[in-house]
Amino acid sequence: MKNEIILVGGGGHCHSVIDVIQKEGKYSIAGIIDLKENIGKKIMGYPVIGEDSDLPSISQQYKNFHISLGFIKDPMKRIQLFRLLENYNVEFPIIVSPTAYVSKHALIGKATIIMHFAQINANSIIGENCIVNSKALIEHDTNIGNNCHVSTGAIINGHVKIGSESFVGSGAIVVNGVHVPQKSFVKSATLYK
């Protein structure tokens with residue numbers, strides 16, 4: 001029987017997380033934590049079983065959790081949820097889409113998700129509670145801090161260091177050897193309004 005997992009956050013990013021978890025096939029989604037008004041509803045067939053205030057009791061019933069709340073401008077809510085759940089000694093599995101490539105020489109931190117068709121090359125380090133989104137490329141010898149989001153199609157070249165709590169937008173390219181400071185916001189390559 002698959003291990004059960006609870007997702008925390010029921011918005012758009014959660015939809016993509018569900019898809020990756022289903023494709024990976026290692027975990028069975030037992031429920032989703034979302035807004036109070038959504039309790040009893042379903043998201044992609046999975047029940048919303050509680051809100052943030054229910055996490056103490058739910059963490060006694062389940063051991064595996066994943067923060068499925070997205071991050072574009074501000075990672076603080078993801079960080080707060082991660083720290084709160086750490087206090088309850090839950091486990092944060094690394095989730096990797098089977099369509100992604102992760103070098104056996106790369107290190108991935110707990111609570112991180114590697115989405116469809118992402119590529120993580122040799123000697124790269126990805127921190128905890130990160131999102132490496134669909135088709136992102138993390139080249140060799142790159143270090144990405146904790147609580148970062150590398151968005152869809154972004155290219156992070158070799159020997160790059162990205163500080164914690166940073167966001168790299170869709171299609172952005174970070175050139176070889178660059179150091180991106182902590183809490184940076186790297187804009188998407190193209191913006192249409």
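**Entry 1: the six-stranded sheet**

I began with the open sheet of six strands, whose order is E6-E9-E12-E15-E18-E21 and whose pairing is parallel. Its edges are strand E6 (95–96) and strand E21 (185–186), each of which pairs on one side only. I took strands (E, at least two residues) and helices (H or I, at least four) as DSSP runs numbered from the N terminus. Two strands count as paired if DSSP finds at least two bridges between them. E6 and strand E9 (residues 113–114) run parallel and are joined by two bridges. I found Val96 opposite Ile114 in E9.

I note that the model is predicted, that local features need pLDDT of at least 70 and side-chain atom pairs pLDDT 80 or more, and that totals for chains, interfaces and linings use all residues. Residues are numbered from 1 along each chain as its sequence is written, and side-chain values use heavy atoms, with hydrogens and water left out.

**Entry 2: the five-stranded sheet**

I then traced an open sheet of five strands, E7-E10-E13-E16-E19, again with parallel pairing. Strand E7 (101–102) and strand E19 (173–174) are the edge strands, each pairing on one side only. Within this sheet I looked up strand E10 (residues 119–120) and strand E13 (residues 137–138), which run parallel and share two bridges. Ile120 stands opposite Ile138 in E13.

The bridge partner of Glu4 in E2 is Ser28. Six of the seven residues of E2 are buried, buried meaning under 20% relative accessible area, exposed over 50% and partly exposed in between, with a 1.4 Å probe and protein chains only.

Strand E2 (residues 27–33) also pairs with strand E4 (residues 46–50), in the parallel sense and over two bridges. Here Ile33 has Gly50 in E4 as its bridge partner. On strand E3 (residues 42–43) I recorded two bridges to E4, with the strands antiparallel. Lys42 is bridged to Pro47 in E4. E3 and E4 form a hairpin with two residues between them, and Met44 in the turn has a positive phi of about 50 degrees.

**Entry 3: helix H3**

I checked the span of helix H3 (residues 76–87): its 12 residues reach 17 Å from the first C-alpha to the last, close to the 16 Å expected at 1.5 Å a residue. The expected span is 1.5 Å times one less than the number of residues. The buried residues of H3 are Arg78, Ile79, Leu81, Phe82 and Leu85. They lie on the same side of H3 because they cover an arc of only 165 degrees around the axis, the arc being that of the directions from the helix axis to the C-beta atoms.

**Entry 4: the largest pocket**

I listed the lining of the largest pocket, which includes Gly9, Gly10, Gly11, Ile33, Asp34, Lys77 and Leu81. A pocket is an open set of points on a 1 Å grid over the protein atoms alone, where a 1.4 Å probe fits, with protein on both sides within 12 Å along at least five of seven lines; lining residues have an atom within 4 Å of a point. By class, I counted five nonpolar, three polar and four charged residues in the lining, with Gly taken as polar, Asp, Glu, Lys and Arg as charged, and Ala, Val, Leu, Ile, Met, Phe, Trp, Tyr, Cys and Pro as nonpolar.

**Entry 5: Gly158**

I located Gly158 in the loop between strand E16 (155–156) and strand E17 (161–162). Gly158 is buried, with a relative accessible area of 2%.
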